[in-house]
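Keep the sequence and the structure in view while reading.

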Amino acid sequence: MRHIALLCEYDGSVFHGWQEQANAPSVQEALRLAWRELSGEDFSFRSCSRTDAGVSAWAHVSDFFTESTIPTEKIPLALNTKVPSGLSVLKSREVPEAFHSRKDPLGKAYVYRCWLGPSRPSILRNLVAHFPLDLDLQLMNELGQQLCGEHDFKAFMDQGSVVRQTIRRLDCLRCVRQGDALAIICLGDGFLYHQVRILAGTLILVGRQKLSSEEVLSACRRKDRTALGPTLPPEGLCLHKVFFPGGLFSEDDENAYKALCHSAALFNPLDFSTEKTC
């Protein structure tokens, strides 16, 4: 029995989220069916993150146990012959038995991308949300700094989650603009249901001066979801990278995580690469 970790990327517009469900395509189901066809084994893959419908991932990590004799280094090539075109398996490696893709990460990086130009984007339409707005990035980044740290983020969680523990650690919340492209970079130890999309929606309102930092911080203390910004559309959100103690694939160890936290201001909003930290 081998324990295998996979690194995948996928187009969120093709799937109804990660988690397998009835009557809707999911990433988890696509991997399960592909592996069943290759090996005869039928089981669910564990996931680092249950991304929602429409949310993409550039470096999603999952894991599974197998008795198959397919060489570990050949698994991506084999799976890519069976999965839908909106999903690609990039890398694989054998990991210790105790490895858990959801419990082991030291941090995750999500990026919410917006297009601020007057015309809606076409080629990037499934990767950015369109907001033809003038925004004050200084106000947005000042609030981002104030929200960093360990807090109860219940106000930034939508209804529909069964999670009881709503305290999370936010290590970086930074807005970077290049031309009409805006990236809202969010790094932390874990996120609540729709938390990043609500953080992004709240920052947009602050950037438009429709909401003050003081009002946001007060709502956070009161755990008042109604006083914060909207949940932004899923197409702008992307799971950028997952980081592990000691690293797992490439540029995803503690040093890479710290580098991205400290150098997020250098992040290129239109660079979708995950092989470098900034």
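The points below cover pockets, a cavity and helix packing.

The model is predicted. Its largest pocket holds about 990 Å³ of space. The second largest pocket holds about 160 Å³. Two cavities of 30 Å³ or more turn up in a search of the whole structure. Helix 3 packs with helix 5 at an angle of about 25° and with helix 4 at about 135°.

**Largest pocket**

- The lining of the largest pocket is made of 33 residues.
- Nearest the centre of this pocket lie Ser49, Arg50, Phe191, Leu192 and Tyr193.
- Strand 5, residues 107-115, supplies at least two residues of the lining. Helix 4, residues 195-207, also supplies at least two.
- Helix 4 gives the largest share of the lining, with three residues.
- By class, the lining has 13 nonpolar, twelve polar and eight charged residues.

**Second largest pocket**

- Trp18, Gln19, Gln28, Phe45, Arg46, Ser47, Arg50, His100 and Arg102 line the second largest pocket.
- Two of these lining residues are nonpolar, four are polar and three are charged.
- Arg50 is named among the residues nearest the centre of the largest pocket, and Arg50 also lines the second largest pocket.

**Second largest cavity**

- The second largest cavity contains about 30 Å³ of space.
- Its lining consists of Ser56, Trp58, Val111, Arg113, Asn126, Leu127, Glu235, Gly236, Leu237, Cys238 and Phe272.
- Three strands each give at least two residues to this lining: strand 3 (56-66), strand 5 and strand 10 (237-243).
- The lining divides into six nonpolar, three polar and two charged residues.

**Helix 3 with helix 5**

- Helix 3 covers residues 137-147, and helix 5 covers residues 213-222.
- Their axes lie 10 Å apart, at an angle of about 25°. The two helices are therefore roughly parallel to each other.
- The crossing of helix 3 with helix 5 is right-handed.
- Helix 3 makes the contact through Leu139, Leu143, Gln146 and Leu147. Helix 5 contributes Ser213, Val216 and Leu217.
- This contact has five nonpolar residues, two polar residues and no charged residues.

**Helix 3 with helix 4**

- The axes of helix 3 and helix 4 are 8 Å apart, and the packing angle is about 135°. These helices are therefore oblique to each other.
- Helix 3 and helix 4 make a right-handed crossing.
- On the helix 3 side, the contact uses Leu139, Met140, Leu143, Gly144 and Leu147. On the helix 4 side are Leu199, Thr202, Leu203, Ile204, Val206 and Gly207.
- The contact divides into eight nonpolar and three polar residues, with no charged ones.
- Leu139, Leu143 and Leu147 of helix 3 take part in the contact with helix 5 and in the contact with helix 4.

Notes. Residues are numbered from 1 along each chain as its sequence is written. This is a predicted model: local features need pLDDT of at least 70, side-chain atom pairs count only at pLDDT 80 or more; totals for chains, interfaces and linings use all residues. Side-chain values use heavy atoms; hydrogens and water are left out. On a 1 Å grid over the protein atoms alone, a cavity is a set of points where a 1.4 Å probe fits but cannot get out, and a pocket is an open set with protein on both sides within 12 Å along at least five of seven lines; lining residues have an atom within 4 Å of a point. Grid points are joined across faces, edges and corners, and a volume is the space filled by probe spheres set on the points. Helices (H or I, at least four residues) and strands (E, at least two) are DSSP runs, numbered from the N terminus. Ala, Val, Leu, Ile, Met, Phe, Trp, Tyr, Cys and Pro count as nonpolar, Asp, Glu, Lys and Arg as charged, and the others, Gly among them, as polar. Axes are lines fitted to C-alpha atoms, for helices over the stretch in contact, and angles run from 0 to 180 degrees between N-to-C directions. Angles under 35 degrees count as roughly parallel, over 145 as roughly antiparallel, 65 to 115 as roughly perpendicular and the rest as oblique. A crossing is left-handed if the near helix is turned anticlockwise from the far one by less than a right angle, and right-handed if clockwise. Contact means heavy atoms within 4.5 Å.
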